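This note sets out comments on the model shown below.

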Amino acid sequence: MGGFFKSSIGRKVAMALSAFFLMFFLIIHLAVNITSLFSEDVFNELSHFMGTNPLVQFALQPVLIFGVIFHFVMGFVLELKNKKAKGVAYAKNNGAANSTWMSRNMIYSGLVILAFIVLHFIDFWFPEINTKYIQGDMSGMHDGNFRYFHELQHKFLSPARVGAYVVAFILLGLHLLHGFTSAFQSVGATAGRKKALQTFGKVYSIVIPLGFIIIALYHHLNH
């Protein structure tokens with residue numbers, strides 16, 4: 001296993017697998033949150049289930065946190081290895097002639113997205129952990145009603161926070177625009193279907209971030 005991660009191919013495959021996992025999570029996360037636009041009750045029920053189900057809390061959630069950390073650490077490692085391998089030739093190379101701006105700056109969009117994830121954890125995950133496991137309140141209730149919908153709305157009162165979310169999701173879209181096809185290429189799954197994957201990747205890279213942006217703007221404007 002150690003030899004696998006030491007090889008360039010092994011690191012790229014591991015990076016791709018973590019990317020697949022996180023892209024699937026984004027679909028689930030958006031599916032749950034998008035219900036807040038249509039039904040407060042459905043959103044509350046789904047949020048309570050996700051927040052109290054033992055499988056989600058004690059199996060899937062730790063895997064998700066590990067996946068996020070692993071993906072970003074591996075991304076930084078690959079970036080440093082690539083720059084070290086190219087050396088002086090890297091500086092002389094006209095990267096714009098061979099690659100897109102986004103592919104050359106994945107590390108920077110990744111850093112912004114990582115900073116956003118930290119903000120997201122501070123906004124939602126840390127308060128949940130405090131309420132459920134420190135205060136010991138697993139009911140999900142406040143004043144006789146589920147608290148999830150109103151907490152979501154409260155987080156988007158601040159224009160500055162909404163602006164940070166919008167910028168982060170735009171960068172996420174750009175990050176996905178390159179990373180989606182790149183992940184499939186790393187595992188050798190683009191043969192004969194590269195154009196189809198690129199098209200699907202473009203749709204995914206627009207729809208997922210746009211969905212989260214709409215959620216943030218909607219709750220900011222309708223609180």
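1. Basis. The model is predicted, so local features need pLDDT of at least 70 and side-chain atom pairs count only at pLDDT 80 or more, whereas totals for chains, interfaces and linings use all residues. Residues are numbered from 1 along each chain as its sequence is written, and side-chain values use heavy atoms, with hydrogens and water left out.

2. Overall fold. The protein chain holds nine helices and two strands; these are DSSP runs numbered from the N terminus, with H or I over at least four residues for helices and E over at least two for strands. Along the sequence the elements follow the order α-α-α-α-α-α-β-β-α-α-α. Of the 223 residues in the protein chain, 39% are buried, a label for under 20% relative accessible area, with exposed meaning over 50% and partly exposed lying in between (1.4 Å probe, protein chains only). Among contacts (heavy atoms within 4.5 Å) with a separation of 6 or more, 76% join residues 24 or more positions apart.

3. Largest nonpolar core. A nonpolar core is a set of buried Ala, Val, Leu, Ile, Met, Phe, Trp, Tyr and Cys residues joined through side-chain atoms within 4.5 Å. The largest one has 34 residues, of which L26, F169, Y204 and F212 touch the most other members. At least two residues of this core come from each of α2 (8-34), α4 (54-92), α6 (106-134), α7 (148-155), α8 (159-186) and α9 (194-221). The largest contribution, nine residues, is that of α8. Beyond residues up to four places away in sequence, Y204 touches M23, F24, L26, I27, L176, F180 and P209.

4. Second core. A separate core of five residues is also present, and its members include A14, M15, M74 and L78. As background, nonpolar side chains tend to be buried together in soluble globular proteins.

5. Packing of α2 and α8. The axes of these two helices, α2 and α8, come within 9 Å and cross at roughly 130°. Axes are lines fitted to C-alpha atoms, for helices over the stretch in contact, and angles run from 0 to 180 degrees between N-to-C directions. The helices α2 and α8 are therefore oblique to each other, given that angles under 35 degrees count as roughly parallel, over 145 as roughly antiparallel, 65 to 115 as roughly perpendicular and the rest as oblique. The α2 and α8 crossing is left-handed, meaning that the near helix is turned anticlockwise from the far one by less than a right angle, whereas clockwise would be right-handed. On the α2 side, K12, V13, A16, A19, F20, M23 and L26 meet L172, L176, F180, A183, F184 and S186 of α8.

6. Packing of α8 and α9. With axes 9 Å apart, α8 and α9 pack at an angle of about 165°. The pair α8 and α9 is therefore roughly antiparallel, and α8 passes α9 in a right-handed crossing.

7. S18. This residue, S18, lies in helix α2. Its relative accessibility is 8%, so S18 counts as buried. Not counting residues up to four places away in sequence, S18 touches G67, F70 and H71.

8. T35. The loop between α2 and α3 (40-52) contains T35. Why does T35 count as buried? Its relative accessibility is 15%, so T35 falls in that class. Leaving aside neighbours within four places in sequence, T35 is in contact with V42, F43 and L46. The C-alpha atoms of T35 and L46 lie 8.9 Å apart, at 11 residues apart in sequence. The side chain of T35 also reaches the backbone oxygen of V32 at 2.5 Å.

Methods: Polar contact = N/O pair within 3.5 Å; in protein donor to acceptor, adjacent residues only side chain to side chain.
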